[in-house]
Amino acid sequence: MNVSKVIQGKHRLPLHKQSLVFRLFSYFTVGLLVILGLQNLAEVALVKTLLHVPQQVQQDILKMAAEVEPLAENGDPQRLAEWESKQKYYAFVLYSDNKEISTRIMHPHFKFKLKYARPLNSILDSRVNQPIFTIPLKNGNKLVVQLPHELHPAKNFSLYFGLIQVVIAILITLMFSLIIARYLQRPLDTLRQASRTLANGDFSVRVAHVMGDKVKEFNELATDFDNMANQIQLLTEKQRRLIRDVSHELRTPLARHSLSLHLIRKRTSSEHLHLVDRLEQESEEMNELVTEILEFSQFENAKANIKLIPVDVQTFCESTVDQCLQLKAHGQSIIKDIDRTLPMVQTDARLLVRSIKNLIGNAIKYAGSEANITIHTSIRTKSDKSYVVVSVSDDGDGIPEQHLKHIFDPFTRIEGARDKQSGGYGLGLAIVKEAMQVTGGQVEAGRSDDGGLKISLLLPAIETIKK
């Protein structure tokens, strides 16, 4: 029983003045009452405006009165009867006591309705009927005319009221949409944008100060989001700090290990030196791994340390390729296809050089001993922004399509593409991705025209930044 009470309490709608339910109910109720009041006013105005005898009918009846005036004065019943029977409206000329002047016999129902006769300019009923109008003549006589129900203005009221209801429905929908947009759409957009920012690795995003405290539910949701982001940031910082500290601590035993190997080499016979060489190679690889881990972990504070300056991509590409020539295998070739008319980009020169080196080094390691490696530059427009593109491609075996989206993840090894002989620990491309993110660039991976791997750096052109 206690559990059921708790569950009921959780699902009970809050009626606090700052709750979303109370605010939506209040605004919607007030708006609905205002709209319904306007509807009533519109219907009253419509009735008063349209419930009159149509102007053309009034003119016809007045013309009939002018025609019958001489006949009524002469008092010829036979001629009056002929005239009445020829009119398009059911009409009679009567004495002041409602008795017929002509010989024409009046319908009993029409005679009964004479006591409800009204002036021609009076307001009609809101329902369709056949009202009778009285037009005074000389000598106290009068012309009475019955309006056909086809000419009654109320016959179109169903259409008019239907249009009013459509307008009211549109107004209610619009009002409700605006209320929802005000109290739901903007907070949801803020939370969605914050979620995207958080997913992109910016754990410093907070939304409680943006939401404010106008709506209780959204304020609580924003607070929970900030608490979640704070916990994620703390956990991530602890993880990175652990990796960084462990890597730093590994440097000391690795240094002692290298020194010990150097001493052992002097005391080892030549027949066992290959074992020492193997140990030194393993030690160098461990040192390289520690260096990459430290560099990758440094990107958490890279935004505060980067220096964005105008950079000539052509110069940096050529100098970096020249530095990498000594790393290539004997059968490999590095081809430069560099456009010298490209605009300058704004980036961090150190991170750009490191990224290009990593891409060329990655191609040298994995493209094959006889591979042709090409570095190509071009200009591309993407989402109305201009980018200078630096692409490194090869004609090796490449990477399967399903694995391309994972090659920028840390410590990712593609099955069959990396082994102990080729080296590498899956941090080179992860460093490239982080470098592009902190400098405002992008990185893409795909297959080259020769079937190998092609990785492109997209650097924002300075002309686009100025715009």
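The legends below describe close-up views of a predicted model.

**View 1. The whole chain, for orientation.**
The protein chain has 467 residues, and 37% of them are buried. Its secondary structure comes to 14 helices and eleven strands. Among contacts with a separation of 6 or more, 65% join residues 24 or more positions apart.

**View 2. The four-stranded sheet.**
Four strands make up an open sheet, in the order β1-β4-β3-β2. Their pairing is mixed. β1 (90-94) and β2 (118-119) are at the edges, and each has a single partner strand, so one side of each lacks a neighbour in the sheet. Strands of a sheet pair through backbone hydrogen bonds, in either a parallel or an antiparallel sense. Here, β2 and β3 run parallel and are joined by two bridges. β3 (residues 132-136) and β4 (residues 142-146) are antiparallel, with five bridges between them.

**View 3. Bridge partners around β3.**
Start at Phe 133. This β3 residue is the bridge partner of Arg 118. Phe 133 also stands opposite Val 145 in β4. Now move to Pro 136, whose bridge partner in β4 is Lys 142. The hairpin of β3 and β4 has five residues between the strands. In this hairpin, Asn 139 takes a positive phi near 60°.

Helix α3 (residues 55-74) lies across β1, β3 and β4. Its direction is at about 140° to β4. Helix α4 (residues 77-86) also packs on the sheet, where it touches β1 and β4. The direction of α4 makes about 155° with that of β1.

**View 4. Helix α3 from end to end.**
α3 has 20 residues. From first C-alpha to last, α3 reaches 30 Å, close to the 28 Å expected at 1.5 Å a residue. Where does α3 bend? The bend is at Val 68, by about 35°. A proline, Pro 70, follows within four residues. Just after the helix, Gly 75 takes a positive phi of about 70°.

**View 5. The buried residues of α3.**
Buried residues of α3 include Val 57, Ile 61, Met 64, Val 68 and Leu 71. Gln 58, Asp 60 and Glu 69 are also among the buried residues of this helix. What covers them includes α4, β1, β3 and β4.

**View 6. Ile 105 in its loop.**
Ile 105 lies in the loop between β1 and α5 (108-113). Is Ile 105 buried or exposed? Its relative accessibility is 74%, so Ile 105 counts as exposed. Leaving aside neighbours within four places in sequence, Ile 105 is in contact with Tyr 90 and Phe 92. Ile 105 and Phe 92 are 13 residues apart in sequence. Their C-alpha atoms are 9.5 Å apart in space.

**View 7. The five-stranded sheet.**
Five strands form an open sheet in the order β6-β8-β9-β11-β10. The pairing is mixed. β6 (333-337) and β10 (442-447) are the edge strands, and each pairs on one side only. On average, neighbouring strands of this sheet are turned by 25° against each other, direction ignored. β6 and β8 pair in the parallel sense over five bridges. Within this pair, Ile 334 has Ile 373 in β8 as its bridge partner. Helix α11 lies across β6, β8, β9 and β11. It runs at about 170° to β6.

**View 8. The largest nonpolar core.**
This core has 34 residues. Which of them touch the most other members? They are Ile 356, Ile 360, Ile 375, Val 390, Ile 455 and Leu 457. Helices α11 (313-324), α12 (349-366) and α13 (428-438) each supply at least two residues of the core. So do strands β8 (372-382), β9 (385-394) and β11 (453-460). α12 gives the most, with seven residues.

Residues up to four places away in sequence are not counted here. Leu 457 touches Ser 355, Ile 356 and Leu 359, among others. Its contacts also include Val 388, Val 389 and Val 390. Val 432, Met 436, Gln 442 and Val 443 are touched as well. A second, separate core has 25 residues. Its members include Met 64, Leu 120, Leu 124 and Leu 143.

Conventions
Residues are numbered from 1 along each chain as its sequence is written. This is a predicted model: local features need pLDDT of at least 70, side-chain atom pairs count only at pLDDT 80 or more; totals for chains, interfaces and linings use all residues. Side-chain values use heavy atoms; hydrogens and water are left out. Two strands pair if DSSP finds at least two bridges between them. Contact means heavy atoms within 4.5 Å. Axes are lines fitted to C-alpha atoms, for helices over the stretch in contact, and angles run from 0 to 180 degrees between N-to-C directions. The expected span of a helix is 1.5 Å times one less than its number of residues. The bend at a residue is the angle between axes fitted to the seven residues ending there and the seven starting there. Buried means under 20% relative accessible area, exposed over 50%, partly exposed in between (1.4 Å probe, protein chains only). A nonpolar core is a set of buried Ala, Val, Leu, Ile, Met, Phe, Trp, Tyr and Cys residues joined through side-chain atoms within 4.5 Å.
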